[in-house]
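Q: Could you help me learn to read this structure, one feature after another?

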Amino acid sequence: MPRPSSTRATVDQNHLMTVLWRVGIAFLGGYALAAGLIALVGSVFARLGVSVQEGIVIGIFVGLVAFVSAGLSMIASKKPWRHGTLLLLSSALVLAAAIVI
């Protein structure tokens with residue numbers, strides 16, 4: 001019976017880490033991006049004179065679209081480390097903009 005090589009185990013661990021990175025960052029980064037967009041759109045609409053509730057509802061729709069598209073693009077990306085970093089940075093920028101406004 002052939003013995004499994006150590007190279008195969010290393011490849012499987014690297015693949016597992018890549019899959020966990022993709023799924024984890026897709027969920028966390030997409031959630032942060034959606035939350036930031038909800039807050040940002042709600043704040044902007046409140047400053048424009050629209051009621052806060054309407055702004056938040058519109059922000060929820062925008063955030064939902066952003067969450068789904070960020071998750072799908074993160075999972076389908078050919079360069080998950082670069083895409084994940086970009087997703088986290090954009091989420092931080094949106095959250096910072098929502099706090100400032």
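This is a predicted model: local features need pLDDT of at least 70, side-chain atom pairs count only at pLDDT 80 or more; totals for chains, interfaces and linings use all residues.

A: Residues are numbered from 1 along each chain as its sequence is written, and side-chain values use heavy atoms, leaving out hydrogens and water.

Q: How many helices and strands does the protein chain have?

A: Helices (H or I, at least four residues) and strands (E, at least two) are DSSP runs, numbered from the N terminus. The protein chain has three helices and zero strands, in the order α-α-α from the N terminus.

Q: Is Ser77 buried or exposed?

A: Buried means under 20% relative accessible area, exposed over 50%, and partly exposed in between (1.4 Å probe, protein chains only). Ser77 lies in the loop between helix H2 (52-76) and helix H3 (80-100), and counts as buried because its relative accessibility is 13%. Across the protein chain, buried residues make up 26% of the 101 residues.

Q: Which residues is Ser77 in contact with, leaving aside neighbours within four places in sequence?

A: Contact means heavy atoms within 4.5 Å. With those neighbours set aside, Ser77 touches Arg22 and His83. In the protein chain, 76% of the contacts with a separation of 6 or more join residues 24 or more positions apart.

Q: And why does Val44 count as partly exposed?

A: Val44 belongs to helix H1 (residues 6-47), and is partly exposed because its relative accessible area is 31%.
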